[in-house]
Amino acid sequence: MTITGGLLALVTSGHAAISATELAVVEANAWRARMGFHLLAIRGDNPEDREALRVLLAEGGQETAALKSDADPKQEKTAADLESAWQALSARALDNPLASLGYADYEAMSEMNTTTLHVVELAETGQSASSDYLDIVDLSVAMQRVASEYVALAAFPSAGLPTGTGLEPMDFAMEAKQIDDSLAALKKKYQGDTPASEVLAFVGQRWAFVRGSVPKMNDADSSKVPYLFYRYATQVAERVEALVAGQ
């Protein structure tokens, strides 16, 4: 089970408005859904992977519905659009032809990219002001985004974000350096906050396990560790969500 249920309890507890931190968690989970979509292809539509993805999507659906009901008048349209976008993302994420039928469907890959980016755009647009631990959740978002692209390219060389979006290929070396810098700054900022410090130490530990393989994604002959990246990125997201839910 994911930790999203803990966040769901938070957002349904009577908040007057949706916080930027809550929206950033949705953003991180959109990248996780894309990562789960491509993991199905890598591991042959493994039932455990499919169930983990189904749970993530179902809890995300409950979460976005709760956010819509909790939205103040200025947030109502964004929240309603976000709920609808999550539904579209969920329908696409559970249907990967490369996993179920064994052939690469470029339309499916393109749609996975565009539905993910739509959720991300709505979540970012709705973040009108900073809130508790937003910067830590943003670090998780950055890691989930890199992990999602890493797993996508490991699944199929043409499954990356440029497919169907017109985006430039990810510069993995630059992204990894930005995560390094952000992690170091956050550890310094939160050194007096025990719960946050413990989570950041965990994030740093998990990041260290996969950090060396990230820049090598630009080398077609390098060995890839997509499942390890998926597992550690997922653990990071869950620990960060637990930190947020504990507020």
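Okay, housekeeping. Residues are numbered from 1 along each chain as its sequence is written, and side-chain values use heavy atoms, with hydrogens and water left out. Since we're on a prediction, local features need pLDDT of at least 70 and side-chain atom pairs count only at pLDDT 80 or more, while totals for chains, interfaces and linings use all residues.

So, confidence. The mean pLDDT (the predictor's confidence in each residue, from 0 to 100) is 92 for the protein, and 93% of its residues reach 70 or more. Watch residues 8-15, though: pLDDT stays under 50 there, and the model has 16 contacts (heavy atoms within 4.5 Å) beyond four places in sequence for that stretch.

Now the helix pair. Helices here are DSSP runs of H or I, at least four residues, numbered from the N terminus. How do H9 and H10 pack? H9, residues 194-211, meets H10 at an angle of about 170°, and their axes are 10 Å apart. Axes are lines fitted to C-alpha atoms over the stretch in contact, and angles run from 0 to 180 degrees between N-to-C directions. That makes H9 roughly antiparallel to H10, the word for angles over 145 degrees. On the H9 side, the contact includes Phe202, Trp207 and Phe209; on the H10 side, Phe229 and Tyr232 are among the residues. By class, that contact has 14 nonpolar, one polar and three charged residues. Nonpolar means Ala, Val, Leu, Ile, Met, Phe, Trp, Tyr, Cys and Pro; charged means Asp, Glu, Lys and Arg; the others, Gly among them, are polar.

Tyr133, between H6 (106-125) and H7, has phi near 60°.

Last, the cavities: sets of points on a 1 Å grid over the protein atoms alone where a 1.4 Å probe fits but cannot get out, with lining residues having an atom within 4 Å of a point. How many of 30 Å³ or more turn up in the whole structure? Two. Volume is the space filled by probe spheres set on the points, which are joined across faces, edges and corners. The largest is about 40 Å³, and its lining includes Val25, Val137 and Glu241. H2 (20-42), H7 (134-155) and H10 (226-245) each give two or more residues to that lining.

Technical notes:
On a 1 Å grid over the protein atoms alone, a cavity is a set of points where a 1.4 Å probe fits but cannot get out, and a pocket is an open set with protein on both sides within 12 Å along at least five of seven lines; lining residues have an atom within 4 Å of a point. Angles under 35 degrees count as roughly parallel, over 145 as roughly antiparallel, 65 to 115 as roughly perpendicular and the rest as oblique.
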